Structure formats: C-alpha cells, structure tokens
Amino acid sequence: MGFFEGLLFLIVTVLKVLLIIVPLLLTVAYLTYAERKVIGAIQVRKGPNRVGFAGLLQPIADVLKLLTKEVLVPTNSHRFLFLIAPILSLAPAFAAWAVIPFSDTAVLADVNAGLLYVLALTSLGVYGVIVAGWASNSKYAFLGAMRSAAQIVAYEIAMGFALVGVLMVSGSLNLGDIVRAQEGSIFHWFWLPLFPLFIVYFISGVAETNRAPFDVAEGESEIVAGFHVDYSGMAFALFFLAEYANMIMIAALAVIMFLGGWLSPVPFLPDGMFWFFAKTAFMLFFFLWFRATFPRYRYDQIMRLGWKVFIPVTIVWLTVEAVAILLDIGPWFDIRSA
Amino acid sequence: MDLKLLVFWVFSLVLVGAAVGVITTRNPVQAALFLVLAFFNSAIIWMLMEAEFLAITLVLVYVGAVMVLFLFVVMMLDINLLPMREGFSRHLPIGATIAASVVVLMVLLIRGQFAGSGFEQPLPKPADYSNTEQLGLAIYTDYLFQFEVAAVILLVAIIAAIALTMRRRPDTKYQRPAEQVLVKKEDRLRVVSVNSEDNQDIAAQVAKKPAGTGAVGNGQSAEQGGQS
C-alpha cells in the first residue's frame, strides 16, 4: 500500500468510525434519559418531564449545562494526569466498538482475535479511574480509585473465564464467527448451554462498569463520589460518557456471545441489525433494573463474590463443557463434527 | 514512504521516549505510567509485525492486570527518592559501561543476523491467517511438554506466594456467609410482652416505646450467628 492509498484508507476509516461514534453518543445521551424514566417508573415517580415533550430534550439540556460549567483543577493535584484521566477512561470505551459486528457485514474491523481485543480494551478503562483518583490528591478520590482497581482486577478473571467457555463452543475468537456459530433459533444461542457462564459474565460486566449494586468506587454515602469527586463540567461528563458507553458495550457483548447477535430468535423472521439493537436494549434494561432494586454491596462481599463464587463456578462449567465437547453432545457441543 | 513505516517510526519513538521517562522521572507513579505507555507502544509494534495474539496479550496481561496492581502498590507507598539517587555519580561509570556493552552486543547480533545475507523481508500473511490459531497449534502439539512444565512452575510460584504471605492470627474474625444466610428471626430477635400497668420495672426500661409489645434485640444471650 502506497502512502496516498494509505491516506485514503485512513480517511474512509475515520468516516466509518464517526458513523459508529455519533450514534453511540446519542445512545448514551438517551440511555441517561431512559435510566431516569425507568427508575422513576419503578419508584412510582414521573422522571424528567419538563424539557421538551415528555422530557425528551432533557439529555440535551444536561449536555449544555455541563458544557458551560467551569472545569476546576484542584491546587495540589497533578495537573496533566488530572486532565488526561477522563480521556483515558473514554478512549478504550470507544475503541472497543471497532470490532463489534452489528450485522453479518456491518463491522468496522473484522479481526481474528476480536474477543481478545475487546477484553484487553475493557481492562484498560480502569486507568482512567486510578489516574483520576490519584491525581486529584484527595483521600475520597483515592479510596474510590483503590476500590475500583481491586474490583476490576477481580471480576476481569471471572469474565475472562466466562468468555473462554464461549470460544470453546464457537471455536473462534472472531466475534462475527461467534455469532454465526449460534445460527438456528433461540435455543441454538449460547445462553442455554452456557447459562451459568452467561449469568457470571453479565454480573461481572455490571461490576466491571462500576454500576449499582457494585458502585463502591463512587459510593456516594461512603466516599462522597469516589474517584470523580473533584471533577466538574465537561471533565466530569466524560467519565459519565465512558461509564454509559461501557454499559452499552457490555450489553452488546452479552448479546453477541450469548444471545445470537443479529440472528432472529425464530426461523421465520429475517435476521438483521434490528435484532442486535433490540437485544442490546433488552440487556441494558437489566442495568437500570438492578440499579433501582438492589442495595449496594459491601466491599468485602464484592470481593468474596468475585473470587470465591464466580471463579469456581466458571471453572466447574468449563470442565462440564469440555467433557460435553469431547462426547460430541448436540446440538451445541458437537463442534468437531460440524 | 510507506504508511506502515511511518507508523512504526512514530510509535517506536514514543516507546523509546517512554522508556527513558520510566528511569528519569522523579515520581514513582509517573514512572509506572510511563511503563504502561512503553508496554502499549511495544504492543502496537508487535501488531505491526502481525503478532496479534502476543500484542493483545501484552496489553491484556501486563497493562490490564500487572501494572494496575503495580500502580495500586506504588500509589500507597510514600517513597522518598533522594536516598535512592545518592550513589548515582559513583555508580555511573560501571552502569554506563554495562549499558554500552549491551547496546554494542545487540547491534552486532542484529546486524550479523539480518543485515548482510540470509533473511528476506517477510511477506505479509493472507487475511485468513490466524496468528492465534498457529500459536495454539504450536504450543499444544509440538511444545506440549515444555508448556505443561512452565504451567506447573507457575502453579508452584502461585502456591509459594500464597504460603509466604499467609499469616494466621488466632484472634482473626471470619465471616461464614453459608451460616449467615441460615439465620432465622428467632436467633436474633426476642419479642417481649410488657404490661405497662403491672410491671413498673420493665415499663421503665421500654419507656421510650409505646406501651404494649416492644421488640428487644437480645444482644448478650443470642448466638452471634455467622460470626465466629
């Protein structure tokens, strides 16, 4: 590839990236709206209903408010790290979307090691939190950062093991091929044969994104707001953007790996991108539902759940799965004959 | 110029800069973050060499887990760097000699291997070539024995690390969640019927509560349930 062909390829890719990022940002904005509406309904309130019809312009108003607020940098903070931390948490949250297949053909980068790439990038998000907590030079922020670091390292292991189960039955690290391996109907998707791993993966995902009931890194009632206590304005908004982008990411990954991605649940309906978005929205609803119904976990219980419950569960199920694959039990585990 | 080559130069320059930053910066947290940057850039350079599995694993394992724990520790330590820099000028000649000889050796080796004869520039692999699959095949067929030995050594290291740091104290309190969830209301709570007119003593005790029945936790006599 010559220099100018390369440059042209770069421009086209940037345009494709924008085609993913812009709708993602809009989804994030309206996810905050959906969250407030859903939690409002669960708590018998109305939620936002003033700005625009049924409060539909509320996210826009929030963005405008945050944009016009001043970004304060505390006097004794580490200025450079303090300002780069929100970007450090946002960049991996966006970059991971490069390998997500929205439909059979709609994927930005169809890489072979897609699953590994996603795992690597989701594990990078913790740097934003740690760096923010340390650079703020505040004990509350620092405590939040420490909690988050330990939590993410713990749950990443369970999450990784759950995904090992997926690649054992699909025989591929490529996310598109993982979806294609689930072809058939709703009973061919991996949620059924890998049910324990599905549950472990999704709960670990909630813990990885620091969402309730695992949101001890923020823990308003204990450490004020945790790692982003000193952030204001757009810097603060970037952390929230990253958190919601990660939520959508975890939901999308759960859909790809356990719920058949773009595949239709019944054979007589056509497959398509629509299914992918519908299923992702369905999984996202769980995030909101969890937040409205569960009290916050105590920190030592979070650690216990991660290390002593989830990791053994995944290892046991991987063994079961290995035996099933060895014995060629259909319709899920007969991958060698397929 | 090739775009790939440009990418290589940019990232290798950042890599060298980050590596220099690791040893020159005064702040240990900054040094650790420079190391993260160095890891990241070497992962990108590996990616350019089409070693995608190794590149991603480097980020996943070293950047995503090892360095996080590193930072975790470094942030909590209050290291005074001045004493560590004291003997700098005294040790400089020896250090410089070693560094220079390593550089010379590396240059000699690499030039000897690659420059003159022998190696052609490797052709890019076809799109369906899976680096991960090839590595897996090599590890689990040709090098299975060595691989398993390495795994056992790692296991020994894990057990040794746990055994070395595990300290048992007789007065440590543990939680037993399995027992905690089995606790019934009767284990923790005793409902006392109090007649406010007849028994003045008990009435005085529960004076703040409305007359009739008062729920009193039996702190002293009760089993502490899950605690041991």
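Helices and strands here are DSSP runs, numbered from the N terminus. With that settled, here is chain B. Read along its sequence, chain B goes α-α-α-α-α-α-α-α-β-α-β, which comes to 9 helices and 2 strands. Please keep in mind that this is a predicted model.

A word on confidence, using chain A. Its mean pLDDT is 84, and 96% of the residues of chain A reach 70 or more. Among the elements of chain A, helix H8, residues 195-208, has the highest mean pLDDT, at 89. The lowest, 72, belongs to helix H9 of chain A, residues 220-223. Where pLDDT is low, the predicted coordinates should not be read in detail.

Back to chain B. It has 228 residues, and 11% of them are buried. Take the contacts in chain B between residues at least 6 apart in sequence: 61% of these join residues at least 24 apart.

Next, where the chains meet. On the chain B side, 20 residues are in contact with 20 residues of chain A. Helix H3 of chain B, residues 52-76, gives the largest share of that side, 13 residues. By class, the side of chain B that touches chain A holds 15 nonpolar, 3 polar and 2 charged residues.

Last, the largest nonpolar core. It has 122 residues, and those touching the most other members are Ile130(A), Ala145(A) and Ala254(A). Helix H10 of chain A, residues 233-258, supplies the largest share of this core, 20 residues.

Which residues does Ile130(A) touch, leaving out those up to four places away in sequence? In chain A, they are Ala145(A) and Ala149(A); in chain B, Val68(B) and Leu71(B).

Terms used. Residues are numbered from 1 along each chain as its sequence is written. Chains are lettered from A and ligands numbered from 1 in the order in which they are written. This is a predicted model: local features need pLDDT of at least 70, side-chain atom pairs count only at pLDDT 80 or more; totals for chains, interfaces and linings use all residues. pLDDT is the predictor's confidence in each residue, from 0 to 100. Helices (H or I, at least four residues) and strands (E, at least two) are DSSP runs, numbered from the N terminus. A residue is buried if 20 or more other C-beta atoms lie within 10 Å of its own, exposed if 12 or fewer, and partly exposed in between; C-beta atoms are placed from the backbone. Two residues are in contact if their C-beta atoms, placed from the backbone, lie within 7 Å. Ala, Val, Leu, Ile, Met, Phe, Trp, Tyr, Cys and Pro count as nonpolar, Asp, Glu, Lys and Arg as charged, and the others, Gly among them, as polar. A nonpolar core is a set of buried Ala, Val, Leu, Ile, Met, Phe, Trp, Tyr and Cys residues joined through C-beta atoms within 7 Å.
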